[in-house]
Amino acid sequence: MPSQWRLSPEARESVRVRTALHRSHEKANAMSQHELLEAWVNDVATMCQPEQVVWCNGSEPEYATMLRLMVQAGTALWLDQGKRPNSVLVRSDPGDVARVEEFTFICSRSKDDAGPTNNWRDPADMKRTLTPLFSGAMKGRTMYVIPYSMGPIGSPIAKIGIEITDSPYVVANMHVMARVGSRVLETLGAAGEFVKGLHSVGAPLEANAPDSPWPCNPKNKYICHFPETREIWSYGSGYGGNALLGKKCHALRIASVQARDEGWLAEHMLILGLTNPEGRKIFVAAAFPSACGKTNLAMMNPTLPGWKIETVGDDIAWMKFGADGRLYAINPEAGFFGVAPGTSLKSNPNAMRAAEANSIFTNCAVTPDGDVWWEEMTETPPLELVDWLRRPWTPKATRKAAHPNARFTTPARQCPVISPDWEKPGGVPISAVLFGGRRAGVVPLVNEATSWRQGTFLGSIMSSETTAAAAGKVGNLRHDPFAMLPFCGYHMGDYFAHWLAVGAKTDAAKLPKVFYVNWFRKDDDGRFLWPGYGENSRVLKWIFERVAGTGKAVDTPIGRLPAPGAIDLSGLRIQDAQMAELLRVDVEGWIAELPAIRKHYERFGSKLPRGLRDELGALEQRLQAAAVGAGGH
Ligand code: SAT
Ligand code: MN
């Protein structure tokens, strides 16, 4: 009797799926003309010893196959097809739920190139550590080769990468988050450049051994970047930015180095289009640390009548100078990997609508009727749920139903307010750059830099409370310059210098204006002073008017703040005292922060650009003068 007849229906399905994949592999493989790529894939296969190698073609059936494989393996659960068509819920291992900054390394030849904010290892040493781990790491698994483009295929700003992975979850997510498959191989041609990304969950499967629903390696996790050779080796984690190598590893850590070398910017920024009631549109890019509301701002519904926001991207911006001397940005991604908890029809209806179908939910809770749920999704929680740890849950429970870093992976094109320009190959011209973070005190609602140099200074001293996007304690205040602390692939001091150099490349009038915003200022009782969300359009309106040259501002020791009455508060119930506090320059608070800023700066040693040291000195003088002027308080 042929052995296949004895297989369970699930196993038979798996064989069918694998055979189909094998055929698609032959087709895609025939199109790879790239000898170096083929040689690298063969070398990796020899090292990792997978059961088979599959080249991903990026097709719909391939995506469907990945979801089916995950459902069979117990990794994923189909959601109710009426409620969430073509969508699954994935629950990860509780030990693998966020980026692991502690195990993230920049492996440049010189330690000095990684700088004081990155973990550094010598590249040869790191490969000596990793090679034994990767040897045989894919035993019993399929090795997928994913050609992907960060940015619209063929855009002059886009870059190609190849991710090799043994995780169907990664393949499915990469389908949504990037442009993947045969089209990319065609563009790559026989000799195109690409970033080499190697990923394994680090859980080889011995023959006949049962697999775990979320294979990963509890003992060893390494997220390693080799900026000089444009390589990524990621081992042991299957989650988010650790494993979807196109995102943080390529589009930020490796790309920031490419951007430095080639004179452009790779930034942790959303991009939005802002149209005023007269139909004039500008584009804004904004850097906030992970889980500080980039997705909400990028797709906000303005409360101010007549104003419109359109989304270009929610996490990453690549910006290059156009022929006209202005900075143009593309969103290198094709999907959103958004934080689920806190997302609701109230806080972000456009994200909710985007995620209605064709989405992958990770570490959310599931309702009895097969839909997902997370904290604050609805005003009252369902009466019963299965939580992200697969345990029964009721509203009486003291623990959260969804993990705080639970995510939705959703195609960007499904966003109801996606910008018609979001895939424009040349990008969109940026008129304003925003920096911000979670700050309960000191930092006002909005502050405009008087120059690119002061803007760079404000970016460099950004600080924010830590969130669940990374493993570790939540709520600790830390300096997170440009929201790039976990994502800059080289010495942060050189990165600051690069920002200053970019500013010197064009006329000052052509550069975006720079603003520092803070939606999170609290009163003495710990309540947020500013309503946030759609009301942030009031701040954006002022920024629009500053760009247009009509908005009124006052000079203060820290920069330009809105003149009294310059922020449109029509239709908003907010007390004068509250508004005054939001826009108060807390001279004493800023003076009290100076030692921490100086300490932060000391870390960069001689790499700290003189221009920023001068900015700090000048700020200090202005603050001291203001303190004296105010009677020496
Ligand atoms: O890095 S992730 O993609 O997991 C999310 C984030 O931290 O922004
Ligand atoms: Mn991010």
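This dialogue covers selected features of a predicted model, from its metal site to its helices.

Reader: Which residues coordinate the manganese ion (ligand 2), and through which atoms?

Author: A metal site is read from its donor atoms. In this model the manganese ion (ligand 2) is coordinated by NZ of Lys 248, NE2 of His 268 and OD of Asp 315, at 2.0 to 2.2 Å.

Reader: What spacing do the donors of the manganese ion follow along the chain?

Author: The spacing of these donors is K-x19-H-x46-D. Lys 248 belongs to helix H9 (residues 246–262), while His 268 sits in the loop between strand E12 (265–267) and strand E13 (269–275), so the pair ties together parts that are 20 residues apart in sequence.

Reader: Are Lys 248 and His 268 buried or exposed?

Author: Burial is judged by relative accessible area, with under 20% counting as buried. Lys 248 counts as buried because its relative accessibility is 5%. His 268 counts as buried too, at 0%.

Reader: Which residues surround ligand 1?

Author: Ligand 1 is surrounded by Arg 99, Gly 240, Gly 241, Lys 247, Lys 248, Ser 290, Phe 337, Arg 407 and Ala 469. Lys 248, named above as a donor to the manganese ion, also has a side-chain N or O atom 3.1 Å from an oxygen atom of ligand 1. For Arg 99, a polar side-chain atom lies 2.7 Å from an oxygen atom of the ligand. For Ser 290, the distance from a side-chain N or O atom to an oxygen atom of ligand 1 is 2.9 Å.

Reader: Where in H16 does a kink lie?

Author: The kink, of about 35 degrees, is at Leu 594, shortly before the proline Pro 595.

Reader: Which residues of H16 are buried, and what do they pack against?

Author: An α-helix has 3.6 residues a turn, so residues three or four places apart point the same way. In H16 the buried residues are Val 587, Gly 589, Trp 590, Glu 593, Leu 594, Ile 597, His 600 and Tyr 601. They pack against helix H12 (452–460), strand E28 (477–479) and helix H17 (610–629). Within H17 one finds Glu 615, which is buried with a relative accessible area of 7%. Leaving aside neighbours within four places in sequence, Glu 615 is in contact with Ser 451, Arg 453, Gln 454 and Phe 457.

Reader: What can be said of the ends of helix H3?

Author: The ends of a helix are read from capping contacts and from the backbone angles that follow. Ser 59 caps the N-terminal end of H3, with a side-chain oxygen 3.2 Å from the backbone nitrogen of Glu 62. After H3 comes Gly 74, whose phi is positive, near 80 degrees. The helix itself, residues 60–72, reaches 18 Å from its first C-alpha to its last, close to the 18 Å expected for its 13 residues. Its buried residues are Glu 62, Tyr 63, Thr 65, Met 66, Leu 67, Leu 69 and Met 70.

Reader: Which residues have a positive phi although they are not glycine?

Author: Most residues other than glycine have a negative phi. Asn 363 has a positive phi of about 60 degrees, and Phe 482 has one of about 55 degrees. Asn 363 lies in the loop between strand E19 (360–362) and strand E20 (365–366). Phe 482 is in the loop between E28 and helix H13 (492–503). The relative accessible area of Asn 363 is 0%, so this residue is buried; Phe 482 is likewise buried, at 0%.

Terms used:
Residues numbered from 1 in each chain as written. Chains lettered and ligands numbered in written order. Predicted model: local features only at pLDDT ≥ 70, side-chain atom pairs only at ≥ 80, totals over all residues. Heavy atoms only, no water. Bend = angle between axes of the 7 residues up to and from the residue. Helix = DSSP H or I, 4+ residues; strand = E, 2+ residues; numbered from the N terminus. Buried < 20%, exposed > 50% of the residue type's maximum accessible area, 1.4 Å probe, protein only. Contact = heavy atoms within 4.5 Å. Donors = N, O, S within 2.8 Å, 3.2 Å for Na, K, Ca; no water. Near = heavy atom within 4 Å. Polar contact = N/O pair within 3.5 Å; in protein donor to acceptor, adjacent residues only side chain to side chain. Expected span 1.5 Å × (residues − 1).
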